[in-house]
Amino acid sequence: MRDTVPDVKREEAVAPDPVDALLGTRLAELRAEHGWSLGELAERSGVSKSTLSRAERAETSPTAALLNRLCNVYGRTMSQLLSEVETAPEPVLRAVEQQVWEDRAAGFVRRSVSPPHGSLRGELVEGRLAAGADISYDSPPVPGLEQHLWVLDGSLAVTARDTEHLLETGDCLRLRVWGPTRFRCAGPRAARYVLAVVRP
C-alpha cells in the first residue's frame, strides 16, 4: 500500500527588510527609554497601538507620515532617527553606503546624503517622488526646522502655512516649518530634489 501524504501548502516566513527591522528595534528602544506603554505613545502620536506594535516588530514597513509623527514625539529629525540605526559616523559617506528608505505606498524614496552625526545641526537629503505622489505631514519633527528645498528635476508643489509654492527644475524654496506641510509631484514625471535641513 502506498503511503499517502496530505498536500499541505506551507507559508514561508518572509524576513523583514533589514532597515525596517533596525528601525523597529530602535523605535521600541526609544519608547522604553521614555517609559511609555504602547497606549501612551498612541495618545501622544495619534497613531493606533496596533500600527505602532507592528512597526516595532517590523511586521510592516513604516510610512513617511508615521515616522514623521514619531520623530515629532521623540524630538528627532528623520535623518537623526535613521542615523541611529547605523554604526559610528564617518566624515565621508560613499554613495553606495548612503541610507535609502522607501515609502512604496506613497511613491517616495528618501536618501540620507550627509554622513550621520548626532551633534551637528545640518544635513542633506535627496528625495524622489513618483508622478502623482502626494505626501502630507501633520507637523515638523522639530518645530522651527529650517529647510532649503532645491528641485533637481521635475516639478514639485510644496504647501506650508496654507501657501502653495510651485517649484520647477532649478528652483529653490527656503522656509522654517512650524505646522503642516505637503509635498506633491506636480508634473507628468517623477520629481527629484535636495533638501537641506538645519535644526534650530
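Mentor: Let's start with a word we'll need a lot: a residue is buried when its relative accessible area is under 20%, exposed when it is over 50%, and partly exposed in between, using a 1.4 Å probe and protein chains only. Phe183 is buried on that scale, with a relative accessible area of 7%. Before we go on, bear in mind that this is a predicted model, where local features need pLDDT of at least 70 and side-chain atom pairs count only at pLDDT 80 or more, while totals for chains, interfaces and linings use all residues. Residues are numbered from 1 along each chain as its sequence is written, and side-chain values use heavy atoms, with hydrogens and water left out.

Now for the rings. A pair of aromatic rings is described by the distance of the centres and the angle of the planes. Here, rings of Phe, Tyr and Trp (for Trp, the six-membered ring) pair if their centres lie within 6.5 Å; planes under 30 degrees apart are stacked, over 60 edge-to-face, and the rest tilted. That rule gives three aromatic pairs. One of them joins Tyr137 and Phe183: it is edge-to-face, 6.0 Å centre to centre, with 80° between the planes. Tyr137 sits in strand β4 (residues 134-137) and Phe183 in strand β9 (residues 181-185), so this pair ties together parts that are 46 residues apart in sequence. Strands here are DSSP runs of E, at least two residues long, and helices are runs of H or I, at least four; both are numbered from the N terminus. Like Phe183, Tyr137 is buried.

Phe183 also pairs with Tyr193, and this time the ring centres are 6.3 Å apart with the planes at 20°, so the pair is stacked. Tyr193 belongs to strand β10 (residues 191-198) and Phe183 to β9, so the two tie together parts that are ten residues apart in sequence. Tyr193 is buried too, with a relative accessible area of 5%.

Now zoom out to the nonpolar core, meaning a set of buried Ala, Val, Leu, Ile, Met, Phe, Trp, Tyr and Cys residues joined through side-chain atoms within 4.5 Å. The largest such core has 44 residues, and Phe183, Tyr193 and Leu129 are among those that touch the most other members. Helix α4 gives the most to this core, with seven residues.

Side chains of opposite charge can pair when their charged atoms come close. We call it a salt bridge when a side-chain nitrogen of Lys or Arg is within 4 Å of a carboxyl oxygen of Asp or Glu. Glu126 makes one with Arg111, the closest N and O atoms being 3.4 Å apart. Glu126 is in strand β3 (residues 122-129) and Arg111 in strand β2 (residues 108-112), so the pair ties together parts that are 15 residues apart in sequence. Glu126 counts as buried, at 14% relative accessibility. Across the whole structure, a search finds 13 salt bridges.
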